[in-house]
Structure formats: structure tokens, C-alpha cells
Amino acid sequence: MTYVQELEKAMSMLAKDGRTIFLGQAVRSTGTAIYHTLKHLPEKKRLEMPVAEEMQLGISTGLALKGFIPVSIFPRWDFLILATNQICNHLDKMEEMSSGQFKPKVIIRTCVGSTNPLMPGPQHCNDYTEAFKLMCKNIDIVKLEKASDIIPAYQKAMESERS
């Protein structure tokens, strides 16, 4: 299967769990390639968000605290960095700050923008995987480089108690 087909399959697998909700930009409306890996999911499972990345991650954490498993989707790493405060200072530290009382599970999905066949500009094609691994000590940050990595990684995310 292709990388995109594996992503579609993984999103279907996640959607089967009644606790999952997919939120982000272009999850119900076209606009990014990510939309095409989600369009087959029920609309009631997809919540379109405005361009407000920090707010989106804050909402995702709040949903997780209420028992949902948000799949918070950002079109590119370059946009996800706008949610760094919510990731590094809240989601990553929540269990520690609450003495183990709260363990919110948020699955964050993003991608590195392609530079071929067109260069989208320097603010749309960066990879901050390693930087986030350095900043977060409690969140699993996984880079899915091969199609065969996708299903196992999302299965592990669903089975894990961690974000």
C-alpha cells in the first residue's frame, strides 16, 4: 500500500474508537493533502478549526481531560510550532503537574511539507521532530518515514497511556 493509503487506513482504525474526534484545519473542508486522508470518515467525527493553532491544542487537551481521544491535525510542522506552549508547558507536563491525576491522551498529526515538484516556501517545509523530542520529556514524538511505520505507530498511540 502507498503512504497515503496507509494513512487512510490508520485514520479509519482510529475512527472506530468512540472516543476519537479529529480536529484541525482542512479536516472537513478541502485545502490540504491531509483532508484526502480524512474525507472518508464520518463528518460527526471531524471538527473544523480556525487558524488558531495554540487554541486548537488547548481544546485538544481539554477534550482529552474529558475522556475523548483527540486526533489534533496540523497541516505542517511549521504551523504546529505555534502550539508549542500548549504542547511543552501543558500537555507534556499535565501528569506531573497533577501528581498523576490527569493523563490526557492527544494524538497530534502533522507532516513535513514537500519541496517537490514545487517549493512551497521556507515557512512550509521544515521538520521540527528532533527539536520537539528535546523539548518534551513525557510525550512520544514519532516520525513516520515509511508506509509500513504508520499502522503500528497509530496502534501504539491508541494503546499507550501517554500522548
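Ala, Val, Leu, Ile, Met, Phe, Trp, Tyr, Cys and Pro count here as nonpolar, Asp, Glu, Lys and Arg as charged, and the others, Gly among them, as polar. The model is predicted, so that local features need pLDDT of at least 70 and side-chain atom pairs count only at pLDDT 80 or more, while totals for chains, interfaces and linings use all residues. Residues are numbered from 1 along each chain as its sequence is written, and side-chain values use heavy atoms, with hydrogens and water left out.

**View 1. Residues that line the largest pocket.** The lining divides into 23 nonpolar, eight polar and seven charged residues. α7 gives the most to this lining, with four residues; helices are DSSP runs of H or I with at least four residues, strands runs of E with at least two, numbered from the N terminus.

View 2. Glu6, Leu7, Ala10, Met11, Leu14 and Ala15 are the buried residues of α1, where buried means under 20% relative accessible area with a 1.4 Å probe, protein chains only. Their cover includes β1 (20-24), β3 (69-73), β4 and α7.

**View 3. An aromatic pair.** A search of the whole structure finds one aromatic pair (ring centres within 6.5 Å, with the six-membered ring used for Trp). Trp77 lies in helix α3 and Phe132 in helix α6, 55 residues apart, and both Trp77 and Phe132 are buried.

Conventions: Buried < 20%, exposed > 50% of the residue type's maximum accessible area, 1.4 Å probe, protein only. Contact = heavy atoms within 4.5 Å. Phe/Tyr/Trp six-rings, centres within 6.5 Å; stacked < 30°, edge-to-face > 60°.
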